Number of protein chains: 4
Amino acid sequence: MKPRSSINTSVSTLGDAKITSPIKDRAQADGNRRFVMDSERILVNIKENDVIKAAKSGRRILSFERAGPRSKIFFDPSKLRCAIVSCGGLCPGINSIVRSVVLALYYNYGVHNIYGVRYGLQGFISSYGHDLIELTPEFVSDIHERGGTILGSSRGPQDIEAIVDALERMNVGILFTIGGDGTLTASTQIADEINKRELKISVIGIPKTIDNDIYLVDRSFGFDTAVDVAVDVIRSAHNEAVSVHRGVGLVKLMGRQSGFIAAAATLAMPEVNYCLIPESDFDLDGPRGLLAALEERLTTRGHAVIVVAEGAGQKFFKKTPKTRDASGNLRLHDIGVFLKEAITDYFKRRDIEITLKYIDPSYTIRSVGANANDDILCGSLGRYAVHAGMAGKTKMLVALCNNHFVHIPMEATAGKRRQVELSSDMWMSVLETTGQPLLKNEE
Amino acid sequence: MKPRSSINTSVSTLGDAKITSPIKDRAQADGNRRFVMDSERILVNIKENDVIKAAKSGRRILSFERAGPRSKIFFDPSKLRCAIVSCGGLCPGINSIVRSVVLALYYNYGVHNIYGVRYGLQGFISSYGHDLIELTPEFVSDIHERGGTILGSSRGPQDIEAIVDALERMNVGILFTIGGDGTLTASTQIADEINKRELKISVIGIPKTIDNDIYLVDRSFGFDTAVDVAVDVIRSAHNEAVSVHRGVGLVKLMGRQSGFIAAAATLAMPEVNYCLIPESDFDLDGPRGLLAALEERLTTRGHAVIVVAEGAGQKFFKKTPKTRDASGNLRLHDIGVFLKEAITDYFKRRDIEITLKYIDPSYTIRSVGANANDDILCGSLGRYAVHAGMAGKTKMLVALCNNHFVHIPMEATAGKRRQVELSSDMWMSVLETTGQPLLKNEE
Amino acid sequence: MKPRSSINTSVSTLGDAKITSPIKDRAQADGNRRFVMDSERILVNIKENDVIKAAKSGRRILSFERAGPRSKIFFDPSKLRCAIVSCGGLCPGINSIVRSVVLALYYNYGVHNIYGVRYGLQGFISSYGHDLIELTPEFVSDIHERGGTILGSSRGPQDIEAIVDALERMNVGILFTIGGDGTLTASTQIADEINKRELKISVIGIPKTIDNDIYLVDRSFGFDTAVDVAVDVIRSAHNEAVSVHRGVGLVKLMGRQSGFIAAAATLAMPEVNYCLIPESDFDLDGPRGLLAALEERLTTRGHAVIVVAEGAGQKFFKKTPKTRDASGNLRLHDIGVFLKEAITDYFKRRDIEITLKYIDPSYTIRSVGANANDDILCGSLGRYAVHAGMAGKTKMLVALCNNHFVHIPMEATAGKRRQVELSSDMWMSVLETTGQPLLKNEE
Amino acid sequence: MKPRSSINTSVSTLGDAKITSPIKDRAQADGNRRFVMDSERILVNIKENDVIKAAKSGRRILSFERAGPRSKIFFDPSKLRCAIVSCGGLCPGINSIVRSVVLALYYNYGVHNIYGVRYGLQGFISSYGHDLIELTPEFVSDIHERGGTILGSSRGPQDIEAIVDALERMNVGILFTIGGDGTLTASTQIADEINKRELKISVIGIPKTIDNDIYLVDRSFGFDTAVDVAVDVIRSAHNEAVSVHRGVGLVKLMGRQSGFIAAAATLAMPEVNYCLIPESDFDLDGPRGLLAALEERLTTRGHAVIVVAEGAGQKFFKKTPKTRDASGNLRLHDIGVFLKEAITDYFKRRDIEITLKYIDPSYTIRSVGANANDDILCGSLGRYAVHAGMAGKTKMLVALCNNHFVHIPMEATAGKRRQVELSSDMWMSVLETTGQPLLKNEE
């Protein structure tokens, strides 16, 4: 999806930031460069020709406000109370972000009242009876070593007014939300309700999607760890496949609408023979379909490894009605189980004995702790979220764009997704690595 | 199961071993101790009282022939041809054994004609068209770093006469079989057919069961690696369970008739709250059943981790007829899926919202490479198998008994299994670690 | 070293155990077998011929008292106070033992006053000013996931009378000591002083040596983890060695007086070409010395990997006086650095360019958390230590002998060591795996 | 170091690329976008203000040619012979690059004559007698799973004319060089000599530095893996430090002139208390020096972890003359050993007992296989290097700049380095995470 210049990139604020930041400039070099100005912006499209043409023609160039500490902040740290909430499914690194937010608030800004909201948005709703957790540096000091979320999480929306009531009651100044699409929608609504009530509460989102498909964003936390673990699983599938005659290893990986995990894991573990992703249509039947290709490969090579993203091949379920889960995500039909059965049936019908091993490692991937690379990313996301919130920014996300951390207004990415471009080098490399044919019959 | 003194512990031989072993005694100490005599035997029961009582009363004491190189061997290494076959499901360490057998034959005894039979017993049957692999030190030098079996494997019996025909045709002197119960049965039948035909072919088995339940044997290869990996999976399940309100992590582990993996993994990762094994009966319903206990725990503690061995709770399927798989194993009903559904239904009926994550890591455990401990065990098993075969022993297994490698006649363990004794310290420790109640209603 | 029948195997007690054990028999089978009787003993030598001959002749057979819960205990749990101390260098699993001791005391026996003595024996001496740690189930619940010791440790002796004064002052009933030779000596002296003062304080030792060389004991905790990590280090050394022309990877592993780690790691990672251990004398110079062998190998094969146990080759330092460290261990001269220099000098003198990479991974091995296998062992050691202490046993160690946990009087192992027997299968296998010559010139 | 606009960014070519690329456009989308045009360029500085100002003023904007397959290629694949050489110290990922280059040449372009030059530049010099390796898809298929370099490597320059003689003799069309600064210099000289001789040989460099300090480049291969492993080592040092009273864990990490590994590892494992890098001057003595700070910390907190990059604190060796190693790198004095001794001496002088554990994990980091993230990077670097070479580009590097792969003329980065900017967010975050003071006395 090409970045559209109509995207709003102006970040909302609660008002003028007038308080001198307590951040001690510890830089040994030029202290002035410690603080970032709102006018510093990072280009989204960095191809020279496009940029120069736009600049010369005076057309608007898409760019985002650079993240970082501001010299003036909006909130008085001594009086500020902050809350953090994590929502939706697990993703490696949530605890690292919670830790980073707490330490940055505490040590950089001197904010000492920080609360963890338990079990996602449920934690705001008194009828659930979940207590808050008081988050101190001691409490969070080791949590980055563990997977999961020490705050707890839940799926699904909650009453927005009740949430804002709770924020008022708790006297929260900054709310940090860690979550996916549903959480982004809720965060936007919360910010709107706050605005309606003319409250001074900042809402800062840290977007969570293990699928790595946030629009305009380089890399979301947890993705690299997921690929790391997926590689081990594919190695297992490969070992199973080559250890029998006509062995098929079938691995379903995360990726509801985009195949980044499947594609990256394929590039990192090149034993994969077929990589199936939502972006690339494929046929099962027919002379060029997957089943015929698989038969050919099993006959000539004796084994095959298939990696399928969970959102691939949804066309096969067209006739079955879809439902939504508690988070509002469309419930996908299970392409892994479907393929397992389709392959098994096909070879049974053709009286060819195969041995298929199907692996669905989703929970063992989502629940591990972050690797070093993600730990570093999470640490930065937490710190930048704090800088943004302290400066009075609101209704925005912190994210990585072209290797720089930026502020993205929540509406800029809502409803859009990054996908694997079929003409991109990444996908070309996948096709070369796997050697897979197009898997499409004539049309 | 108490060792029965009626067990046959006499190892069969092909005839007198008259050739001086080419093994150079490289020991720097007393060279005489390098070779083991057939009269050296290792006690099975090593409790002093029992042994002394038996010794004094002249009763037979159960013991096994000690494994190790003999000073005289049966086969002429320069003319000998050997074959190795691996059968059944994957288990970490098969490649390490293959490597060890090849290197011991080649370097210790100077046997240079070693063949890998492809895809299990199928490899003997010409209609399958599988070629043999020539196994050289170069070919096997790195294979221990990989999971799976480079020989390939298959399930199910093949015609015994055809197998012995193939052995004759290939002019094999020693056949090494790596496999489980079915393979043990086939190996016994092969040895019997060889005997009937008055051939001089030794059949040496290396028993494979990831479940670690070989009768009278300390530890079978792959088990320790399986526990290692299972621990990571349980950690994932725990992370999932504690990250939501009323979270349940349910992990199905291997263990068809014995719960050693489930019990050991529970001891190594003490976040498990319920460990369910075939040996210990449990109820689902009723005031003391698992479901009520789980409800109680979810109410008071908010989360639970359940580990279930695949053979546990088979009583719940009594009315459904059982079938057998290609290896002749009884097809178990899937207790993991059953429990997942039973738990989900129970809480739905009681209108209590829970989040259950079910993990079945079987293939990702079976297919990994052996850890250091198993690599060492596999290396020894391979070497001892070679010593036994070279000495003309046949129709026997090599295995570890009370920390010593021994020769066990195939019939001694056939049809019997080691199980977790419910009065043993191991099971007591599991009960203490989990704190789980008996999970049984009054009878 | 052959077990000597003169070894004392009688375990000391503080007096009659008259209190009924609070351990609820949770076994589903015959409850009577839950408790172990003092008369149950495990044979040390389990070779049938030796045992029967001794039994018939009425000669004493070496055996140890079986560990396990006794039906009667000595201490009243409600009044009992216990202390745990860890001494000497790090070893994987200390935290798992501490956790197990605390949980077994708390949940099995209802002992609620458990104290961690900080920084080894220093913690008893008030002048150091170290506070005690109160050990609760909550405090220890996660510690097994971490390496090191949460109690802290220190080397070196402390005044025995002052230690017993502290035990009296603290009103301790059972002292658990985790440590090596020095700690064993101190523990014995403490028990003797307690006896002299006619106090009722039990001293139970859990022997710690990563070298795995406790006399008559199968396996000490941390050893298996050490081998696991050592294997990765050897793989690194091998990668370095093969990636250059005439590359030498030299790895120094633990093993002051015995080469079990070096030998086991060599068996698990068979890229090792020379394994040097304290038990096996070798020459450097001369036609059959290590240097000539290495030159030959580098010429023909282009690379070599050497693993040396820290206690090997101490004869090369004969002229340099030895000193002792704070723990009373003889300070060894550094054979790793010595070999590195000797090899470098040798090839420089011969004008042959080589590239040697020396790796001394000691601290990165000792400081990791226990693997699953060691975690299970540590859990058992902790529980058995508690059972022994509660029963009023004293001046004894818990350890694994022929796969059974036993009680060993402290004096039985003091001053003795298990070593790699040069005629054992383990060492033979090392020689076969490495293909290394005897490395000795004629004498 | 700010990018200088005087940098040459024009890539040299051997001549017009006139042959139609055999790359089959397998993209399912618009095939035209499969090929990249030389006019596509990626901006180096992507801050909007700077770019627009420059664009409007007509000033040159620094940008690099985008990497990727060209529609026309220079070499005829059927006649082309290619060579690959790896030089200098190990770095995770070399084998992955070799594999990728071979597979891309073979399968994408149909080049079947590919040779591995053994042991670095030595492999070109006949007097060393190293044979070439013929590189086939089969040969390289598994090598990415191993650390080291299957080609072998060596340090130091070789005669440039002799190298070009060898290239002529071998009839090589494209030479791929994997190496650091010295290799870059040699590659430039080789390209110049080729040019002088008017040969049509392309020289494509893949820059190797585990230190991640290539000028203008985002990330070099092996860095992420190095940080992964370094994190485990720091955890070990931390475990050692906290397990004794006044424990100091001192870890030396790679980083000759830049502290990226030390800084990144500190961010990923926040137990580090002092992170010392070449870019940040520090004092040892004096009231604000490291030693006083350390004493303060050991007194109040009882332990400390120090991470030092190998190039830090070189001012302490000013009086000792420096030498160069075979690769022409300045031999650094060993800051790790120096600090170990300085700290030990300081506390001995002050009669304060401390326990310091020093870990230098260099070889165990450099020699591991690449992690998934680096494997993907290496795969891309190899493919892009092949695309560049096939198109007749020469005397250039492939590298990652602002997340895009680009062509960088060799002279553009020669003699320059990326360093940790002391005013950057990365270094600020390190200071916040460690809490370390400036460690500088007044000046």
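Predicted model: local features only at pLDDT ≥ 70, side-chain atom pairs only at ≥ 80, totals over all residues.
**A hairpin, a sheet and a pair of copies**

In chain C, strand S16 and strand S17 (residues 404–409) pair in the antiparallel sense over six bridges. Within the pairing, C:Met396 stands opposite C:Pro409 in S17(C). Two residues lie between the strands of this hairpin, where C:Asn402 takes a positive phi near 50°. S16(C) also has a parallel partner, strand S10 (residues 202–207) of chain C, to which two bridges join it. Here C:Ile204 is the residue that stands opposite C:Met396.

How enclosed is strand S16 of chain C? Six of the six residues of this strand (residues 396–401) are buried, so it is largely enclosed by the rest of the structure. Both of its faces are covered: C:Met396, C:Val398 and C:Leu400 are buried on one side, and C:Leu397, C:Ala399 and C:Cys401 are buried on the other.

Attention now turns to chain D. Four of its strands form an open sheet with parallel pairing, in the order S12-S13-S11-S14. At the edges are strand S12 (274–276) and strand S14 (355–359) of chain D, each of which pairs on one side only. From one strand to the next, the twist averages 15°. Strand S11 (residues 247–253) of chain D runs parallel to S14(D) and is joined to it by five bridges; in this pairing, D:Val248 has D:Leu356 as its bridge partner. Helix H6 (residues 223–242) of chain D packs on the sheet and touches S11, strand S13 (303–309) and S14 of chain D. The direction of H6(D) makes about 160° with that of S11(D).

Another helix of chain D, H2 (residues 94–109), has 16 residues, which at 1.5 Å a residue should span 22 Å; its end C-alpha atoms are 22 Å apart, so the two values agree. Of these 16 residues, 15 are buried, and H2(D) is therefore largely enclosed by the rest of the structure. Just after this helix, D:Gly110 takes a positive phi of about 75°.

Finally, how are the chains arranged? Chain A can be laid on chain D by a turn of 180° and a shift of 0.0 Å along the axis, with an RMSD of 0.0 Å. The two copies are thus related as by a two-fold rotation axis. Since 100% of the interface residues of chain A are also interface residues in chain D, the copies meet through the same surface. No contact joins chain A and chain C, and their closest C-alpha atoms lie 10 Å apart. Chain B and chain D do not touch either, with 10 Å between their nearest C-alpha atoms.

Conventions: Residues numbered from 1 in each chain as written. Chains lettered and ligands numbered in written order. Expected span 1.5 Å × (residues − 1). Buried ≥ 20, exposed ≤ 12 C-beta atoms within 10 Å, placed from the backbone. Contact = placed C-beta atoms within 7 Å. Pairing = 2+ DSSP bridges. Least-squares fit on C-alpha atoms with pLDDT ≥ 70 in both. Axes fitted to C-alpha atoms, helices over the stretch in contact; angles between N-to-C directions.
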